[in-house]
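Let's take a walk through this protein, one stop at a time. Keep the picture open beside you as you read.

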Amino acid sequence: MSARRIIIDTDPGQDDAVAILLALASPEEIEVLGITAVAGNVPLSLTAKNARIVCELAGRPDVKVFAGCDRPLSRRLVTAEHVHGETGLNGPKLPDPEMPLQDRHGVDFIIETLRAEPAGTVTLCPLGPLTNIAMAFRLAPDIIERVQEIVLMGGAYFEVGNITPAAEFNIYVDPQAADIVFRAGVPITVMSLDVTHQALVTKERNDAFRAIGNRAGEAVAAMTDFFERFDLAKYGSKGAPLHDPCVTAYLIRPELFTGRHINVEIETRSELTMGMTVADWWGVSGREPNAMFMGTIDSDGFFALITERLARL
């Protein structure tokens, strides 16, 4: 099979960094056409910088990185320095990037790429708020039917919320954008907190990253050393969940995941439950399914894959 051709839309974030590294280390399965940055975990100036830092860490300064939207469609930006640190990549000491930021806006890159490539051959992989994707769909509705699939990290059902009692961070930051994307009619695969909270970086798994002995392995180990302090205090879990790499792992080994094709609606009106992914897991609403909502992961297989691929870098 030929490699999946993807655009990564991201707000790095340590777990975003691991997702990007996994994609760039897997050329047999994934061809990264470009990376678009969005405001989310930290402001846009930092996410655009961090995406380039990660590309250089992977030895891929040839990857084109574009800055996209610096705020949600209609709400105030909420960031997550309390989780990821003031840079978004706290933990390892990584040099500032030398590779340039591309001149084009990230939304323009998404639109132009989907128009230029054969229909049904480009997958969008959002790892943060869905602002860039929604803006592209709003400005150029003709591209919607050209998207092969959207594989995203966001939302929750059984795990409910991690930024509010009802909402997962990526969806909460820009629920209006998420609503546009989930209503677009594009095939969507959702890596929810229900999956990602099973993908815990235990001490043994992090030791395996560090034991790889290259810069990428050491950097990833330092990243998870840093941000696990938040999750250990919040959840009392055995380690930090690696949310975003679930997206790229799915493109490489979809058999690691199981889920259901269900209807997912986004709450955009109630401040109490703003950004909630109303996932009809039990099929009680009568609404048409619009997303493959993942619920389980083979976590041992997932971490074996990441460790194997990081060793390539």
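Val 160 is partly exposed, with a relative accessible area of 32%. On this scale, buried is under 20% relative accessible area, exposed is over 50%, and partly exposed is in between, using a 1.4 Å probe and protein chains only. You'll find Val 160 in the loop between E5 and H6. Those labels are DSSP runs numbered from the N terminus: helices (H or I) have at least four residues and strands (E) at least two. Phi of Val 160 is near 65°, a positive value in a residue that isn't glycine.

Another loop, the one between E1 and H1, holds Gly 13. A cis peptide bond with omega about -5° joins Pro 12 and Gly 13. For background, most residues other than glycine have a negative phi, and most peptide bonds are trans.

## Where the model comes from

This is a predicted model, where local features need pLDDT of at least 70 and side-chain atom pairs count only at pLDDT 80 or more, while totals for chains, interfaces and linings use all residues. Residues are numbered from 1 along each chain as its sequence is written, and side-chain values use heavy atoms, leaving out hydrogens and water.

E4 covers residues 122-126, and five of its five residues are buried. Val 122, Leu 124 and Pro 126 sit on one side, with Thr 123 and Cys 125 on the other.

E4 pairs in the parallel sense with E1 (residues 4-10) over five bridges; strands pair if DSSP finds at least two bridges between them. Cys 125 is the bridge partner of Ile 8. E4 also pairs in the parallel sense with E5 (residues 147-153), over three bridges, and here Leu 124 stands opposite Ile 150.

## Helix H12

How far apart are the end C-alpha atoms of helix H12? They are 16 Å apart, which agrees with the 16 Å that its twelve residues (299-310) should span at 1.5 Å a residue. The expected span is 1.5 Å times one less than the number of residues.

Nine of the twelve residues of H12 are buried, including Phe 302, Phe 303 and Leu 305. Asp 298 caps the N-terminal end of H12, with a side-chain oxygen 3.3 Å from the backbone nitrogen of Asp 300.

## The nonpolar cores

The largest nonpolar core has 57 residues, and Phe 257 and Phe 302 are among those with the most contacts inside it. Helix H1 (residues 14-24) gives the most to this core, with eight residues. Apart from it lies another core of 36 residues, among them Leu 124 and Val 190. A nonpolar core is a set of buried Ala, Val, Leu, Ile, Met, Phe, Trp, Tyr and Cys residues joined through side-chain atoms within 4.5 Å.

## A buried tyrosine

Is Tyr 172 buried or exposed? Tyr 172 counts as buried because its relative accessible area is 17%. Its place is in helix H6 (residues 169-173). Not counting residues up to four places away in sequence, Tyr 172 touches Arg 75, Val 78, Ile 163, Thr 164, Ala 167, Met 274 and Gly 275; contact means heavy atoms within 4.5 Å.

How values were computed:
Polar contact = N/O pair within 3.5 Å; in protein donor to acceptor, adjacent residues only side chain to side chain.
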